[in-house]
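I'd like to walk you through one model, so please have a look at it first.

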Amino acid sequence: MDRFRMIFQYFQSNSESVMNGICGLLALASVKMYTSLDFSCPCLPQYNMAYGLGIMFVPPIILFLCGLILNRQSLVMLEEWRRPPGHRKKDLAVIRYMCSSIMQRAMVAPVVWIVVTLLDGKCLICAFSGSVDPQKFVGFANVSTEQVQQLLAKVPCKDDELMRNNTSRKAVSRYLRCWSQALGWSILLILIIAAFLARWLRPCFNQATLLQARHWSNYIDIEQKIFEETCCEHSRLFAHKCILHFFESMQKEIKLHSFSLPREGEGAEGGEGLLQVVTDQGQVNKLLKTWYYEKPPLDVS
Amino acid sequence: MDKFRMIFQFFQSNQESFMNGICGIMALASTQMYSAFDFNCPCLPHYNLAYGLGILLVPPFILFLLGFVLNNNISMLAEEWRRPQGQRGKDPAVLRYMFCSMAQRAMIAPAVWLSVTLLDGKCITCAFCTSVPVETLGNASHPRLSQGEVQRVLARIPCKEIYNGQQLIANEVAVRYLRCISQALGWCFVLLMTTLAFLVRSLRPCFSQAAFLKSRYWSHYIDIERKLFDETCTEHARSFAKVCIQQFFEGMSTDLVAARCHLPRKAPADAGEAAEKLLGITDQGTMNMALKSWHRCKPPLHLHPPAQPTGNGWAGEGQPPTHPSAPRKETAAYYSWV
């Protein structure tokens, strides 16, 4: 009974803490990816916007999909959603609960990426350097329209020969970075307030339904795991029996063909009886060859 | 019971988590390989493309094959595929399942190499530097050079130290442009792979879930059956060897007894465990002879039936009649686990 409880607790706590762990790992991985990424803005008029916004939005999509793929519960939820009703009705509240918990966990890493990107500022500077109003900055105010686009596009590249000692470049850069960081902090604040409210206000609505949904979603998860373990145990026993049957049939065959055997081995169990029957190299080779050429049928009745 | 649970958990989790572990290690190894590799663009017009594309495409192919080689289940798949039908039908769905799961795992390290290479940018810069659009990026008013000259100049873009085309097109501009394209390709590739993986994983429960469960069960079964068979054969080989060696020593000691008649006789009643273990060899000379005989003339792979009570010529004097049953007693104790 104790062992049963221990197993049950292990399974219940395990899947949630494993999912939280994966969620945290992905968030850390997204920060590491960002720092190891060699951000190099193309500094060309049309390419800047595409590159900057691409770096800001494509990796979050990838991280979101990874979060869904690595989460075992998403498979469980899909199976529960698509299975035929059979003898067991489907409860949509449970499926909704599972879906929302999976989505919440999968959204953590993309949000971390976007916030880190905004707080760092390079992406926004690259994407929007061509969209600032040149009149606001002394160095770009009196330049012709085509030239100004080219110059503004080069602002993110500090080492470019045109921009090396340009003070207006630093002004534009600071301006854009300020906007980027403000946006980053605002998003972070809004998300944390939303999470806080969601967690606090949850018990005010449908607490009983929530408890039920959570219980049954854990149940479905545990049931799936136990089914897989039982199948493995069964296939092990099946294999054991199948091999024993095979050895017994080999014993009978060898006994039929060779006469110099002691009679006392008749009722012996599997391997012990086998040693009295398979006693030389030729017989061992025959046994191995038969195992390959004629595997026994999958029938242990 | 506890041991049983531990063993079947070992069997279940071992194969899959072992394979996932190898997969992860290979992915890490491919990033390490890339960072340790000293990329050296030749900076010559036609060699650049060959070198760059070679570095981009050949290592992934090697990693893919390595992924198959390191996977233990490949021999299981090959065996199941090639075995004669015998009394057990072959299920192509099981073979397909095994092949797919192996291929999926083997594709991870090459995909990691390709992503890292594209995101880094050196390969694409080297391979495509001669295709940079000079008209849009460079100096249009530069005095006309022949096509070949232009190609040669552009080919030196990756090698900053020898680049002499600063008036034609600035080195940083070209490198930034190529790197931007390379990173865009890299991110698109990663997005594509992740989307494919997501679709494969999430669409499966919508189609043929029952067939999938069946294939997965039988592929695990084949693996477990093979392992159990190997274990049983090992147990048999062990007992076979034990009896063979005991019979060898018995043969040696009876030979010695026949050859030297002055050996002190031990009464069967006093024999005991220690004397049995000594197998009738009690001095240095005898031991040396036994060792030499083991090396020069190994016994045949043929276990004698236990010695008949009527005996042959040499089984005479000092042989306790309980001796022949001793090997069987030991093997009986040995087989209780299977």
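Let me start with a question: how are α4(A) and α10(A) oriented relative to each other? They are roughly perpendicular, and by that I mean an angle of 65 to 115 degrees, where under 35 would be roughly parallel, over 145 roughly antiparallel, and the rest oblique.

Before the details, a word on ground rules. This is a predicted model, where local features need pLDDT of at least 70 and side-chain atom pairs count only at pLDDT 80 or more, while totals for chains, interfaces and linings use all residues. Residues are numbered from 1 along each chain as its sequence is written, chains are lettered from A and ligands numbered from 1 in the order in which they are written, and side-chain values use heavy atoms, with hydrogens and water left out.

Now the overall picture of chain A. It has 12 helices and zero strands; helices here are DSSP runs of H or I with at least four residues, strands are runs of E with at least two, and numbering starts at the N terminus. Of the 301 residues in chain A, 41% are buried. Buried means under 20% relative accessible area, exposed means over 50%, and partly exposed is what lies in between, with a 1.4 Å probe and protein chains only. The accessible surface of chain A is about 17600 Å², and carbon and sulfur atoms account for 63% of that. Those areas come from the Shrake-Rupley method with a 1.4 Å probe, and for residues only the protein chains shown count as cover. As for contacts, meaning heavy atoms within 4.5 Å, take those in chain A between residues at least 6 apart in sequence: 72% of them join residues at least 24 apart.

Back to helix α10 of chain A, residues 207-257. Helix α4, residues 92-106 of chain A, crosses α10(A) at roughly 80°, and the axes come within 9 Å. On the α4(A) side we have A93(A), V94(A), Y97(A) and M98(A), which meet a set in α10(A) including L210(A), W216(A) and I220(A). T209(A) is itself in helix α10 of chain A, and counts as partly exposed at 39% relative accessibility.

Helix α3 of chain A, residues 72-82, packs on α10(A) too, at an angle of about 95° with the axes 10 Å apart. That makes α3(A) roughly perpendicular to α10(A). Among the residues meeting there are R72(A) and V76(A) from α3(A), and D221(A), K225(A) and E228(A) from α10(A). R72(A), D221(A) and K225(A) are also linked in a network of salt bridges, a salt bridge being a side-chain nitrogen of Lys or Arg within 4 Å of a carboxyl oxygen of Asp or Glu.

Over all chains, a search finds 12 salt bridges. Which residue of chain B pairs with E228(A)? That is R216(B), with the closest N and O atoms 3.3 Å apart. R216(B) lies in helix α10 of chain B and E228(A) in helix α10 of chain A, so this pair joins two chains. R216(B) is buried, at 18% relative accessible area.

A second bridge, at 3.2 Å, runs from R179(B) to D38(A). It also joins two chains, because R179(B) is in helix α9 of chain B and D38(A) is in the loop between α1 and α2 of chain A. R179(B) is partly exposed at 22%, and D38(A) is partly exposed at 36%.

Within chain B, E225(B) and R88(B) form a salt bridge at 2.9 Å, N to O. E225(B) sits in helix α10 and R88(B) in the loop between α3 and α4 of chain B, 137 residues apart. E225(B) is buried at 2%, and R88(B) is buried at 6%.

That α3-α4 loop of chain B also holds P84(B). Leaving aside neighbours within four places in sequence, P84(B) contacts Y292(A) and Y293(A).

Methods: Axes fitted to C-alpha atoms, helices over the stretch in contact; angles between N-to-C directions.
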